[in-house]
Amino acid sequence: MDKINLLSSYTFSNGFVVKNRIVMAPMTTMSSFYNGQITEDELKYYQLRAGGPGMLITGVAYITEQGKGFEGQLGASSLQHLSGLTKLAKTIKQNGTKAILQIFHAGRMSNSKVLRGINTVSASDVAALRPDAEKPKALSENEILTIIEDFANATHLAIQAGFDGIELHGANTYLLQQFFSPHSNRRTDQWGGDLSKRMKFPLAVIKKIKTMINTTAKQPFLLGYRLSPEEFETPGIRLQDTLTFVDKLATSGIDYLHTSIGHIWRQPIGEHLDSSPIILQMLNVINNRIPLIGGGSVQTPDEVTNILNKGIPLVALGRELIREPKWVQKVENDDAQSIRYRLSKAEMDELAIPPAMQIYLNESFRDVMDFTTDTSLSTNRYLNQIAPMEGYEKKL
Ligand SMILES: Cc1cc2nc3c(=O)[nH]c(=O)nc-3n(C[C@H](O)[C@H](O)[C@H](O)COP(=O)(O)O)c2cc1C
């Protein structure tokens, strides 16, 4: 069989075409204004990285003030955000790159400082197993219905702003995952309990968003879902639960599924029936019903080609596109040998990395950025463990 060319286009089942197989993974810049407005610093960062990848997914935006996760986060919660989001979509949509807005509610993974004194909320009043985690308030039935509306309204904003799609951030321990997780969801009503009840909230969000897309989008608009396959908490999400969820998601109306794992070939860390890479197990369950975006520690064109040839049609690059904004253009110009795989602190301004993001990379991601000053590097370090990029930056 001929090798799939990473520069070849891909057509989704709704007719939506991306010009190549590279997706920029969503990465928070920490650089929006206090009120969620996009800043010039962020626009410059995205501008430099747009144009190459077939699809660029933004750092995650909050859908309601109470769902804000951290200072400097992008907002998609009110009409006041529309003009900034419109600028962002326009900036990304250069040279055929498709613009996808990632959205979430942080749930218990926020704190009352970020929320200006307001309590965090979640499926149940169980604090996360993290240092300084606050005990959230359990959401009422009405509050759940309001949040589902908020997700649909954020999607409407994305459509009005000119985005090509939204991605639901159902990964990295935020609210969508909190409803699916038996650690954070101890409810006994229709929104919690057994596995199928714990799927109910994400599926209700998808359904509401589909209706919004069908009634307001004038052209094909993608709906993606990102998930984390496992948690280390007990009780917590196990791979077997996720495979059941993936099967359900494959017929839920989403256009693609996106995994959040630190290494593309990571094996299950919990008890498991099968030790083969998580992504291949998911691929098996999906059985060609929807496309999968795979990623995690992918750096070179050869690695991407290898992933494509395993049947994963789209490959996400995260940190590598921070280090090398022109990765795709270099491949297009037969100049792959000049791709940067390390990040020099002296080049961070030149790479248009906003100052607040530079601090974030230096503090939260120092060990994983492959700075030129690092003496030990290993791209295989997350084959058998949860990576800090999956929302578990602090070791217990
Ligand atoms: C600085 C930074 C910010 C991130 N922010 C997000 C985010 O907003 N949403 C998300 O789903 N993942 C986020 N991630 C995770 C990445 O999307 C990606 O899954 C992870 O970095 C592993 O891929 P990589 O090895 O290609 O970087 C972030 C990662 C980094 C390094």
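## Helices α2 and α3

The crossing of α2 and α3 is right-handed, meaning the near helix is turned clockwise from the far one by less than a right angle. This is a predicted model, with local features needing pLDDT of at least 70, side-chain atom pairs pLDDT 80 or more, and totals for chains, interfaces and linings using all residues. Residues are numbered from 1 along each chain as its sequence is written, and side-chain values use heavy atoms, leaving out hydrogens and water.

Helix α2 covers residues 82-92 and helix α3 residues 141-161; their axes come within 8 Å and cross at roughly 55°. Helices here are DSSP runs (H or I, at least four residues), numbered from the N terminus, and axes are lines fitted to C-alpha atoms over the stretch in contact, with angles from 0 to 180 degrees between N-to-C directions. On the α2 side, L82, L85, T86 and A89 touch L157, Q160 and A161 of α3 (contact: heavy atoms within 4.5 Å).

## Helices α7 and α8

Over at α7 (residues 239-249) and α8 (residues 278-286), the packing angle is about 35° and the axes are 9 Å apart. This crossing is right-handed. From α7 come L239, T242, L243, V246 and D247, and from α8 I278, Q281, M282, V285 and I286.

How values were computed
Helix = DSSP H or I, 4+ residues; strand = E, 2+ residues; numbered from the N terminus.
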